Amino acid sequence: MFLQTKLAKHIIANNLIFSKSYEYHEGLTFDYQLSLNIVGFLQGNEEIKNDIFDFNWGVEEFALHTIALNLNGYYYHIG
């Protein structure tokens, strides 16, 4: 289902990677710089941002950590 999102299409079209930690969205954390980068990415990709928020399925299962992984190469999981 998430492959139908604009984010997934962007990831595939740009040969980026999907986070394999989709089961760990609870406890997902970001440091300050990564948070700024995520916000910047979403501001620069308004269609992707709106699609993530409006998509009729739980894309939070992969969206933020996939963005983080591709922008900075890491994210944190606290539990």
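**Reading helix packing and burial**

Analyst: Asn15 lies in the loop between α1 and β1 (28-29), in what is a predicted model. The phi of Asn15 is near 50°, a positive value in a residue other than glycine.

User: Is Asn15 buried or exposed?

Analyst: Asn15 has a relative accessible area of 71% and is therefore exposed, since the cut-off for that class is over 50%. Another positive phi belongs to Gly73, which comes just after α4 and takes a value of about 85°.

User: How should I describe two packed helices?

Analyst: The description rests on the angle between the two axes together with the distance between those axes. Here, helix α2 (residues 32-44) packs with helix α3 (residues 46-54) at an angle of about 105°, and their axes are 5 Å apart. That angle makes α2 roughly perpendicular to α3, because angles of 65 to 115 degrees fall in that class.

User: At what angle do α1 and α3 cross?

Analyst: The axes of α1 and α3 cross at roughly 135° and come within 8 Å, so that α1 and α3 are oblique to each other. In this contact Lys6, Leu7 and His10 in α1 meet Glu47, Ile48, Asp51 and Ile52 in α3, and the residues divide into 3 nonpolar, 1 polar and 3 charged.

User: Which residues of α2 are buried, and where do they sit around the axis?

Analyst: The buried residues of α2 are Leu34, Ile38, Phe41 and Leu42. They cover an arc of only 95° around the axis, which puts them on the same side of α2. The face turned away from that buried side carries the exposed residues Tyr32, Gln43 and Gly44. As for the partners, the buried residues of α2 pack against α1 (6-13), α3 and α4 (63-72).

User: What does Leu42 touch?

Analyst: Leu42 lies in helix α2 and, at 12% relative accessibility, counts as buried. If residues up to four places away in sequence are not counted, Leu42 touches Lys49, Ile52 and Ile67. Ile67 is 25 residues from Leu42 along the chain, yet their C-alpha atoms are separated by 9.2 Å.

User: Which residues of α4 are buried, and what covers them?

Analyst: In α4 the buried residues are Ala63, His65, Thr66, Ile67 and Ala68, and what covers the buried residues of α4 includes α1, β1, α2 and α3.

User: Where is Phe55 found, and what is it in contact with?

Analyst: Phe55 is found in the loop between α3 and α4, and at 19% relative accessibility Phe55 counts as buried, because the cut-off for that class is under 20%. Leaving aside its neighbours within four places in sequence, Phe55 is in contact with Met1, Gln4 and Thr5. Phe55 and Leu34, by comparison, are 21 residues apart in sequence and 24 Å apart in space, C-alpha to C-alpha.

Key. Residues numbered from 1 in each chain as written. Predicted model: local features only at pLDDT ≥ 70, side-chain atom pairs only at ≥ 80, totals over all residues. Heavy atoms only, no water. Axes fitted to C-alpha atoms, helices over the stretch in contact; angles between N-to-C directions. Helix = DSSP H or I, 4+ residues; strand = E, 2+ residues; numbered from the N terminus. Parallel < 35°, antiparallel > 145°, perpendicular 65-115°, else oblique. Buried < 20%, exposed > 50% of the residue type's maximum accessible area, 1.4 Å probe, protein only. Arc of directions from axis to C-beta. Contact = heavy atoms within 4.5 Å. Nonpolar A, V, L, I, M, F, W, Y, C, P; charged D, E, K, R; others polar.
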